[in-house]
Amino acid sequence: MEFQGVKGTRDFYPDDMRVRNWIVDAWRRVSLRNGFEEYDSPIFEYLDLFTVKSGQEIAGQLFNFVDRGGRQLAIRPEITPSLARMVNAKINSLPRPIKWFSTPRLCRAENPQKGRLREFFQWNVDVIGADSILADAECIYVAVDLLRELGLSADDVRVRIGSRPLTIAALRAAGVPAEFTDAALAVLDKGPKLSEEDFARIAREAGLSDGQIAAVGRFQQAAGVDELREHFQGREDVRARVEKDLDDLAELFAALSAMGAGDYCTLDLRVVRGLAYYTGVVYEVFDRSGSLRAVAGGGRYDNLLEVLGGPKVGATGFGMGDVVLGILLAEKGKLPAPGGRIEYFVIEADEASRPMVLEVVGALRRAGRSADFNYRPQALGKQLKAANRRGAGRAVIVRADGLTVKDLASGDQREATLAQLLKAPAGG
Ligand code: HAM
């Protein structure tokens, strides 16, 4: 009988694991330098937590099950509801703003395709307890900081920024009744992925007239905040309600420019996001060639904590998956080169020096250096080959009267005592 991994899951062999750790290390490093603290939640929760406010798309992708006590549970498809639950439980004792990050393993019962799997890792960066648009700016800055850290430039990726309240206002100004808002947003979210004809067809099915579709299309083409203000000219009833959202958007772009992330960011009102809980600025990160799915997505969600039984506190953040990011980095040749796995491979020059190999290996390891050796005695040439195969930086050849340290990349070698070797700086 031959067993296979489940469709949409990945096995991480050491070469894959190295890449995964390299990405997760960068996520953690960038989070910490931006002042975020790490948290985590259980891998499964009560099913209700995910069905209350995430929206149909995610609810339809849950891996849920009934436990032995008859409880309805689900594996987390995202961590935002768990974050809201955790913060709600300690809301009075947590100093605000709460700036937290996490790198959870998530599962969604999606149809596996390029960039979408059933199990993946997702970096989450959120600020809770801050209404200021600067909190949104900071989250977007953190995403850009990471992209830059991994070698992706503004020519490679773009943060496309939209606005839920402005989109809703445009729907209203176009005469779309309030009860069609959710259906219309769901259609608009799919828009950029569809042909014009398919988009028009599902928009009509959602109750939008051709005139309304055209009006919303004009709104989405606005290239800047001033043009947006013009769009609402003559509709002072609607305009009054979105004045603050327009100001926020202008301030957001100014803040991103001031922080040095402006070149990565662009206004794109076609971005509305698929999740139901967003209430403000929303954004998605895409590769510029447009051939891949979103690398990251997020926005402001000011009602989620309240919906989950807590107080009304402002919240904003994003999630970035490892799958599309990995594909993009591989396409751009930015993944780390394999190798360099251990510092020293210790080998004996002859039979007589074999017992000393273990002493040298033990001393190196106790000194915090990575060192490896062969279980079987072998000729020197074969052992050097083994050292290369294992990706060692240096071979330490043990003789009765001392050590030879050979750099396996350059071939340079030098004599050393064990004491000198232990004192040598890492990589030296
Ligand atoms: P999301 O748009 O569902 O948002 O996911 C964010 C990112 O996670 C996507 O852009 C993608 O990179 C990755 N992702 C999502 N589904 C999959 C999948 N099936 N396979 C591989 N990667 C995937 C959220 O999850 C929100 N909770 C993010 C958030 C945090 N909003 C505010 N705070």
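1. Conventions. A residue is called buried under 20% relative accessible area, exposed over 50%, and partly exposed in between (1.4 Å probe, protein chains only). Helices (H or I, at least four residues) and strands (E, at least two) are DSSP runs, numbered from the N terminus. This is a predicted model, in which local features need pLDDT of at least 70 and side-chain atom pairs count only at pLDDT 80 or more, whereas totals for chains, interfaces and linings use all residues. Residues are numbered from 1 along each chain as its sequence is written, and side-chain values use heavy atoms, with hydrogens and water left out.

2. Overall description. The protein has 16 helices and 17 strands. Its C-alpha trace spans about 90 × 55 × 50 Å along the principal axes. Of the 428 residues, 51% are buried. Among contacts (heavy atoms within 4.5 Å) with a separation of 6 or more, 68% join residues 24 or more positions apart.

3. Helix H1. This helix covers residues 14-33, 20 residues in total, and reaches 28 Å from its first C-alpha to its last, close to the 28 Å expected at 1.5 Å a residue. The expected span is 1.5 Å times one less than the number of residues. Its buried residues are Arg20, Ile23, Val24, Ala26, Trp27, Val30 and Ser31. Seen down the axis of H1, they fall within an arc of 145 degrees and so line one face of the helix; the arc is that of the directions from the helix axis to the C-beta atoms. An α-helix has 3.6 residues a turn, so residues three or four places apart point the same way.

4. Pro14 and Leu32 are exposed on the face turned away from the buried side of H1. The cover over its buried residues includes the strands E5 (98-102), E6 (105-107), E7 (119-128) and E12 (315-321), together with the helices H5 (133-149) and H13 (322-331).

5. Packing of H1 on H13. The two helices pack at an angle of about 110 degrees, and their axes are 11 Å apart. Axes are lines fitted to C-alpha atoms, for helices over the stretch in contact, and angles run from 0 to 180 degrees between N-to-C directions. H1 is therefore roughly perpendicular to H13, a term that applies from 65 to 115 degrees. H1 contributes Trp22, Ile23 and Trp27 to the contact, and H13 contributes Asp322, Leu325, Gly326 and Leu329. By class, five of these residues are nonpolar, one is polar and one is charged. Here Ala, Val, Leu, Ile, Met, Phe, Trp, Tyr, Cys and Pro count as nonpolar, Asp, Glu, Lys and Arg as charged, and the others, Gly among them, as polar.

6. Lys334. This residue is found in the loop between H13 and strand E13 (342-348). Residues up to four places away in sequence aside, Lys334 touches Trp22, Leu150, Gly151 and Leu329.

7. Helix H15. In this helix (residues 380-389), Gln383, Leu384, Ala386 and Ala387 are buried. They cover an arc of only 155 degrees around the axis, which puts them on the same side of H15. Lys382, Lys385 and Arg389 are exposed on the other side. The buried residues of H15 pack against E13, strand E15 (392-399) and strand E16 (402-407). Gly391, which follows H15, has a positive phi near 75 degrees.

8. Ala169. This residue lies in helix H6 (residues 164-173) and is buried, with a relative accessible area of 7%. Apart from residues up to four places away in sequence, Ala169 touches Phe232, Val238 and Val242. Ala169 and Ala386 are 217 residues apart in sequence, and their C-alpha atoms are 67 Å apart.

9. Backbone points to inspect. The peptide bond from Arg96 to Pro97 is cis, with omega near 0 degrees; Pro97 lies in the loop between helix H4 (80-89) and E5. Arg273, a residue other than glycine, has a positive phi near 75 degrees. Arg273 is found in the loop between strand E9 (265-267) and strand E10 (281-287), and at 12% relative accessibility Arg273 counts as buried.

Notes: Angles under 35 degrees count as roughly parallel, over 145 as roughly antiparallel, 65 to 115 as roughly perpendicular and the rest as oblique.
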